[in-house]
Amino acid sequence: MDLDVFVTAHRTEWDRLEHLLRRGRRLTGAEADELVVLYQRTATHLSLVQSSSPDPLLTARLTQLVARARSTVTGTRKASWKDAAQFLTAGFPAAVYRSRHWWVPTAVLSIAVAALLGWWIGAHPEVQAAIAAPDDLRAMTEPGGEYETYYSSHPAASFAAQVWTNNARAAALCLILGAFLGLPVIWILFLNMLNLGVGIGLMSSAGRLDVFLGLVLPHGLLELTAVFVAAGTGLRLGWTVIDPGPLSRRTALAQQGRAALGMAIGLALVLFVSGLIEGFVTPSGLPTWARITIGITAELAFLAYVYILGGRAARTGDSGDVAEIERSAEVPTAA
């Protein structure tokens, strides 16, 4: 594209748009309609310049014009409780539902890795010896040992807050670092599964695997599901870098990134629930079957939330992205 010819052809439209924007609310009906048309044209011009001839000065001017025109056309909009309700009942579960083809396989594979590591550690004393000295292993796995006292080592409220913070940070890292081709996400997942596998292996070698599972399952089902959702979404974001599909790479990444940001907020709420269970239910004096039942109930409730509410919202076109009017203007791309 010849930039000089392009600027000459459209400068009059940009100047006219700038003039209308300076007039603000003193526009006639015809002028308001003209402003909308010029806003749409200028947004298209900006996309063309960015993709073909990214001149910094021209891009800056058009970006400013489009932003001002967008604010004038759409008006200032404040978030409301209705938006929050829409996000919780449709946007977030729809985003999780639409990414199920990523996080479900991630969950299955991760659990298989943890189980395999647990078997390997539990069946090989030399591996256990490499983890810690015999006295330290005994201190961890014996009745009243570190694995059991860990969940009651701090007041329930502060422990739940600490657990929530740590897990929310891990989930956020999976979502953010997914853009780096998903490689950091795989590493974070492996570390989580390694920790779980070590616990399974050491406690099974001590003949106390049932105790370990009774402590982990009440909160771990929901907690790990949230981590798997975050990891699957991060991997999906990484794959978008490689294969953006029919959209431009920038547009596809923006779309996936906005949905991932919303999922980070939703998953923080899910992890808050799992943190409450870990802080108050796991170390409680309830029978093991009652604690596990609470964990299974929470997990089934989340899955029903995703597959019923999320599935319904996804079938109506909700992707967890922001409303179309709030997105940046893009040039249509042929499939």
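Buried means under 20% relative accessible area, exposed means over 50%, and partly exposed covers what falls in between. Keep that scale in mind for the views below, which come from a predicted model.

Figure 1. Let's begin with an overview before moving in. Domain 1 covers residues 3–74, and domain 2 covers residues 81–325. Taken over C-alpha atoms, the centres of the two domains are 46 Å apart.

Figure 2. The average pLDDT of the chain is 84, and 91% of the residues score at least 70. Which helix has the highest mean pLDDT, and which the lowest? Helix α5 (residues 100–123) has the highest, at 95, while helix α9 (residues 156–177) has the lowest, at 78.

**Figure 3. Asp-15, Glu-18 and Arg-61 are linked in a network of salt bridges.** Side chains of opposite charge can pair when their charged atoms come close. Look for Arg-61 here, and start with its salt bridge to Asp-15, where the closest N and O atoms are 2.7 Å apart. This pair links distant parts of the chain, with Arg-61 in helix α3 (residues 56–74) and Asp-15 in helix α1 (residues 3–23), 46 residues apart. Arg-61 also meets Glu-18 in a salt bridge, at 3.1 Å from N to O. Glu-18 sits in helix α1 too, 43 residues from Arg-61. Asp-15 is partly exposed at 35%. Glu-18 has 23% relative accessibility, so it counts as partly exposed.

**Figure 4. Arg-208 and Glu-148 meet in a salt bridge.** The N to O distance between these two side chains is 2.4 Å. Where do the partners lie? Arg-208 is in the loop between α10 (183–205) and α11 (209–242), and Glu-148 is in helix α8 (residues 146–149), so the pair ties together parts that are 60 residues apart in sequence. Arg-208 counts as buried because its relative accessibility is 13%, whereas Glu-148, at 25%, counts as partly exposed. In the chain as a whole, the count comes to six salt bridges.

**Figure 5. Asp-318 is buried yet has no salt bridge.** You will find Asp-318 in the segment after α13 (288–315). Leaving aside neighbours within four places in sequence, Asp-318 is in contact with Gln-86, Ala-90, Gly-91, Ala-94, Arg-98 and Ala-313.

**Figure 6. His-219 is buried in the model.** This residue belongs to helix α11. His-219 has a relative accessibility of 3%, so it counts as buried. Which residues are in contact with His-219, leaving aside its neighbours within four places in sequence? They are Tyr-151, Ser-274, Ile-277, Glu-278 and Thr-282.

Note on methods
Residues numbered from 1 in each chain as written. Predicted model: local features only at pLDDT ≥ 70, side-chain atom pairs only at ≥ 80, totals over all residues. Heavy atoms only, no water. Helix = DSSP H or I, 4+ residues; strand = E, 2+ residues; numbered from the N terminus. Buried < 20%, exposed > 50% of the residue type's maximum accessible area, 1.4 Å probe, protein only. Lys, Arg positive; Asp, Glu negative; His and termini not counted. Salt bridge = Lys/Arg side-chain N within 4 Å of Asp/Glu carboxyl O. Contact = heavy atoms within 4.5 Å. Domains from an automatic or database assignment. pLDDT = per-residue confidence, 0-100.
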